[in-house]
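Please read it with the structure open.

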Amino acid sequence: MPLGTLDRTAPPLFNQGQSALSKLIFFGALSLFLMVADARFHLVQPLRAAVGAVLYPVQWLALKPVQMVMGGSRYFEDLQTAQRNEDEARKALMLQAERASQADTLAQDNARLRALLELRQTTQAPGRAAEVLYDAADPYTRKIVIDQGLTQGVAPGSPVIDAHGVLGQVTQVQPFTSEVTLVIDRDLSIPVQNTRTGVRSVAFGDASAHGGGLELRFMAANADLQEGDLLSTSGVDGVYPPGLPVAKIERIERRADSAFARIYCVPLARVTAARYVLVLAPTGAPSAPPAPAPAAAVRKKPEAKPAAKADKATDKADKKAAERAR
C-alpha cells in the first residue's frame, strides 16, 4: 500500500477537544464572573430562593430523625433533674412576680414623668417566635437558620433576640426559612450604649484568634469604661429597639503606644446554644425634629407701620388742641 494513502488523523479515542488548561481558564473566569455578578447585582438571588424552596422538604425530612432522637432523650430525662428544675422554676417565678409588681409601679411612674416632660413614648416592636433549625454550612461565618421566612412575614434586617439579649440580625430570607447572622460574626456591627455612663459606641463581631465575642473599636484609652459594664442597644440606627441587652465588657487593654483601647465583650445571648428566638420588626429610621421657623419670619412685625401712623396722628391732634387753648 502506498504511504500517501494512509490515514494520519488521530483515532476518536485520543480526540479530546480543547486542552485541560484552556478549560481551566474558561471555567475559572466564568466562576469569577458569576461570583462578582452575584455580589454586586444579586443575579443569583431568585435562583437561590427557588432552590431553597425546592430543598425545604428534603431538609425537613433530614431533620426529623435528629429531632426524634433529641425528643426521645428529653422524654427519658431523669426524674430528679425534672424536680430540681421545677423547684428552680418556682423560685424564679416568685422573683419574677415580685419584679413584675415593681415594674408596673415603675412603668406608671415613667409614663407620668414622660407626660410631664412631654417626651416621646418608646415604641414596642412586634415580634414573632421562631425555632433554630441548624447552623449555616459556611465555616468562615457565624450564622444560623430559623424556620420562619417570607411566607411568615419575616423581613431582611429584622433583629433577632433570645431570652437573654440580642442574638443577631436577619440577613437573608427564603420562602420558608431565614438566615440570621450572629452578633459575633465579623461582618455585623450594632450601635450600643453603656448603661452606666450613657456613652455610645459600636460593637463589632470579634474576628481575633480567640473569637466568640464582640469588640468596641475606636474608643479612647481614657474613656470611662470598666470591666462588667452592661452594653445595650442605643436605637440610633433605626433597626434595633433601644434598651435591649447586648453584651458585657470582659477585658480592657490600655496601651501607652496607642490612643485607642482594645475592649473585649461577652455577648449575653446564647449565640452557640439558642433554640427558640424572637424575630422583631425593624423600628424604622428615627424621625427628624421639625425645622425651626426662619429668623426673618419671627422678627417681622406687620403692625409696626400702622402703630407709627396712629402715634403721629395722635401727636398732631394734641398740637392742634394746645394751639386752640392758647
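1. A pairing to begin with. Glycine 205 has leucine 214 of β8 as its bridge partner. Strand β7 (residues 200–205) and strand β8 (residues 214–220) run antiparallel and are joined by three bridges. Two strands are said to pair if DSSP finds at least two bridges between them. Strands (E, at least two residues) and helices (H or I, at least four) are DSSP runs, numbered from the N terminus.

2. Basis of the note. This is a predicted model, in which local features need pLDDT of at least 70 and side-chain atom pairs count only at pLDDT 80 or more, while totals for chains, interfaces and linings use all residues. Residues are numbered from 1 along each chain as its sequence is written, and side-chain values use heavy atoms, with hydrogens and water left out.

3. Overall content. The protein has five helices and 12 strands. Of its 326 residues, 25% count as buried; buried means under 20% relative accessible area, exposed means over 50%, and partly exposed lies in between (1.4 Å probe, protein chains only). Among contacts between residues at least 6 apart in sequence, 56% join residues at least 24 apart, a contact being heavy atoms within 4.5 Å.

4. The barrel. Six strands form a closed barrel in the order β6-β7-β8-β11-β10-β9, with antiparallel pairing. Neighbouring strands of this sheet are turned by 40 degrees against each other on average, direction ignored. The axes are lines fitted to C-alpha atoms, for helices over the stretch in contact, and angles run from 0 to 180 degrees between N-to-C directions. In general, strands of a sheet pair through backbone hydrogen bonds, either parallel or antiparallel.

5. Strand β10 and its partners. β9 is joined to strand β10 (residues 245–253) by three bridges, and the two run antiparallel. Here leucine 230 stands opposite lysine 248 in β10. β10 also runs antiparallel to β11, with six bridges joining them; in this pair alanine 247 is opposite proline 267 of β11. Six residues separate β10 from β11 in the hairpin that they form.

6. The core. The largest nonpolar core has 41 residues. Such a core is a set of buried Ala, Val, Leu, Ile, Met, Phe, Trp, Tyr and Cys residues joined through side-chain atoms within 4.5 Å. The residues with the most contacts inside it are Val166, Leu167, Val183, Leu216, Ile263, Cys265 and Val277. Not counting residues up to four places away in sequence, isoleucine 263 touches Leu214, Glu215, Leu216, Met219, Leu225, Ile249, Arg251 and Ile252. In soluble globular proteins, nonpolar side chains tend to be buried together.

7. Aspartate 229. Where does aspartate 229 lie? The residue is in the loop between β8 and β9 (230–233). Aspartate 229 counts as buried because its relative accessibility is 6%. Its side chain makes a polar contact with the side chain of arginine 196 (3.0 Å), and also reaches the backbone nitrogen of glutamine 226 at 3.0 Å. A polar contact is a pair of N or O atoms within 3.5 Å; within protein, one must be able to donate a hydrogen and the other to accept it, and residues adjacent in sequence count only if both atoms are side-chain atoms. Leaving aside neighbours within four places in sequence, aspartate 229 is in contact with Asn194, Arg196, Ala247, Lys248 and Ile249.

8. Salt bridges across the chain. A salt bridge is a side-chain nitrogen of Lys or Arg within 4 Å of a carboxyl oxygen of Asp or Glu, and the count by this rule comes to eight. One of them joins the side chains of glutamate 179 and lysine 143 (3.6 Å, N to O). This pair links distant parts of the chain, 36 residues apart: glutamate 179 is in strand β5 (residues 178–182) and lysine 143 in strand β2 (residues 143–146). Glutamate 179 is buried, at 19% relative accessible area, whereas lysine 143 is partly exposed at 22%.

9. Glutamate 215 forms a salt bridge with arginine 262, their closest N and O atoms being 3.6 Å apart. Glutamate 215 in strand β8 and arginine 262 in strand β11 (residues 260–267) are 47 residues apart, so that this pair too links distant parts of the chain. Glutamate 215 is buried, with a relative accessible area of 9%; arginine 262 counts as partly exposed at 29%.

10. The side chains of arginine 251 and glutamate 253 meet in a salt bridge (2.2 Å, N to O). Arginine 251 is partly exposed at 32% relative accessibility, and glutamate 253 is partly exposed at 28%. Elsewhere, salt bridges that share partners join Arg196, Asp224 and Asp229 into one network.
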